[in-house]
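Here is a short report on one protein chain. Look at the structure first, then read on.

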Amino acid sequence: MDYVKTPPPVLKDLNINGRNPPSEDEVLEEQLYLCSEEFTVVKEVAVGVCSWNIDQKKPSEDMEAAVKEWMMVNEGLEIIVVGFQELDMSTNALLREETEAAKPWAMFLKGVAKGRYEVVVSRQLVGLMLFLLISEDAMPNVKHVATDIVRCGVANTIANKGAVGVRFQLYETTFAFATAHLAAHQNEVDRRNKDFERITDALYFSSPSGSSAHYMENELVFLFGDLNYRIELPYERTLDLISSNSWETLLQADQLKKRYTRLDQKPANFLQFIDLTPSFPPSYKYNPGTNVYDTSEKRRVPSWTDRILYKTSDDVQVAKFFVSEKLLASDHRPVAAKFNVKVTKECPVEKAKKETQIREKIKIHGIFEAAISLSESTVQFGEVTYGETHSKELLVTNNGVGVVLIHVHSFDMLSNSKDDTNRVNTRDWISVTPHMLRLNPGQTKPITVKCCIDTNAVRCLSTWHPFQSRPSPILSHLLVISAGQHRCWVETSCSYKFSCFGSKLSQLETLGLTPIHTAYALGPEAQKPLPTTPSVPKELWLLVDNIIKHGAASPELFPEDLDPDAFGKVQKYLDSTAKVIPSDFGVSPGQMSHVLLIFLRSLQEPILPYRCYQACISGQKLSPSSLPAVNYNTFTYIIAFLKHLLLPENNSTNKLEKEILVHTFTSVLLRRDPTSGPVTQEQQRMDGNKATTYILSLVDSG
């Protein structure tokens, strides 16, 4: 398999001209990795995965026996992971993300686990709560514990939907778990699919011990929770099939199962997961406290919304997958699964023997020479602009006689010519998976090279300005694929077409009335400043003007989901013209408001610059002289826009909650400098609350 355990160190000081071969210690680490099966043993471990949408209910003493049964605490499991959804869905939770509602459940589970398990992780994200419990016997062998969160609400700033993940290593095997709550409602399949892909793409774990990994790059990966996939049958027909235990017929109408068969809905991450097939009544939606499905006016179709999926490159035995019929407090029934998985455990004595053998072999025969080849030596993505993502595959082949470990290294390229002034060498626009893989003799495997143009990718262009008569920049990067002393390199490149998205505020100010698509190639004589002062970037004005004219009172403002076609249409318009967006443009006010958030978030630096962050969260009032004029004007303009949306004549129908609206905009107006160093989760939460309070005070001011 490609991911066996935490990898050995990447070869240091790699020289692409071949003058810097790996040291004996580096070769030793690599060879030990390749032959690890010779000094490891396989151990079977029992894992419990438990999910429950608790509908904001609190634990009670009379639940304890049923919860213990659901969590399988008496079945000798080494690992138990519990995920709750809808722990707290209050406005306060949406703003704070961690609330007092977590404490009763944390204390309750601690009592349930007492004497058998240690609660290693408990982390909340609004309604989501994840607990990791490790048995007392297994605890000494757990390391590299890390957590991460993903928000899937409006512009990925609100966490009414999203995921909480945990990653750790038990012996030499890595695990990753994520409990998720995806988009609701019967017809929102596409939004659920997008949430799924965002979560599996965005979860990334960094532990204090220095072991880091993407969610999908672990050996055993689990995703579970209220995934909200529904049964596409009429209510009465579904009840009839449930009464006759016709699970197979119901599963044919299950949206999640259908996703495996639809050719147009098979993103790469999803296909790597195996869905546990339920053979019990749908877990949703019940009248709380009863075994009766929804009899309300809405009569929601009973569905298996609560699911457990797993991904692995090794055999996993599913011992059982069941629903708890004793926990009736919520409108969902808890589900759980028991897995028997295989982990590897090192034998120190055998490892020491193997190390001695390898060192002796190196002394006698020298460093093993690998031989690899690539399908391409260049990867070109052509012309790209902000927001685009493209992927291409490289094939790497082991042409040698021995097993090799392939490493992918990143190098910024040096320009070949002094005249090559439009080439920008940066690694922020490109990613590669996997970074390491094992190849047997004659074996070929793919490496995916992904081009992703986001704010980080274009930050290297901060010194480029309009009206300097420069050609389009070429983003380039060098990938070095190595196996031992053998190296191949691949030049990657793309031509960047400037967009107002991902720009600096000062760059947008300089544009004046000239569209960005043409401004960078023009000389200073073509510059047309804005006719009025104080000014804000025309692109921002056009967006806000459209929302105020056509949707200030719309109940559809700031939807959770953004239509990619709508975004592309608005982006193309803003990048190519300075004219007012026509009333028949064909993009709804809701979608336009979401694009506004994306625009503000995409700025290379927030409207309130990073240097102002501490002053703002401390409550200091900013004066016009403390900010560049364009920043001050733009910030004042946005605050006035928020006040306009909250006027009674608009708010009576748009139904925007002031605190949530302000919280949403705070995350795009005022952010900590990502290069300022690490901060604790608690500090992030406290500073985020202070930032929201600061912006709220300005919205409330006269």
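## Salt bridges

A search of the whole structure turns up 30 salt bridges. A salt bridge here is a side-chain nitrogen of Lys or Arg within 4 Å of a carboxyl oxygen of Asp or Glu. Side chains of opposite charge can pair when their charged atoms come close.

## About the model

This is a predicted model, in which local features need pLDDT of at least 70, side-chain atom pairs count only at pLDDT 80 or more, and totals for chains, interfaces and linings use all residues. Residues are numbered from 1 along each chain as its sequence is written, and side-chain values use heavy atoms, with hydrogens and water left out.

Helices (H or I, at least four residues) and strands (E, at least two) are DSSP runs, numbered from the N terminus.

Helix α18 (residues 629-645) packs on helix α21 (residues 681-700) at an angle of about 70 degrees, and their axes are 9 Å apart. Axes are lines fitted to C-alpha atoms, for helices over the stretch in contact, and angles run from 0 to 180 degrees between N-to-C directions. The angle makes α18 roughly perpendicular to α21 (65 to 115 degrees).

Which residues meet? From α18 come F635, I639, L642 and K643; from α21 come I695, L698 and V699. Contact means heavy atoms within 4.5 Å. The residues of this contact divide into 6 nonpolar, no polar and 1 charged. Here Ala, Val, Leu, Ile, Met, Phe, Trp, Tyr, Cys and Pro count as nonpolar, Asp, Glu, Lys and Arg as charged, and the others, Gly among them, as polar.

Two strands pair if DSSP finds at least two bridges between them.

β20 pairs with β22 (residues 444-452) over 4 bridges. T433 has T448 in β22 as its bridge partner.

## A sheet of 6 strands

Another open sheet runs β5-β6-β7-β10-β12-β11, with mixed pairing. Strands β10 (residues 220-226) and β12 (residues 306-312) pair in the antiparallel sense over 7 bridges. Helix α5 (residues 189-202) lies across β5, β6, β7, β10 and β12.

Notes
Parallel < 35°, antiparallel > 145°, perpendicular 65-115°, else oblique.
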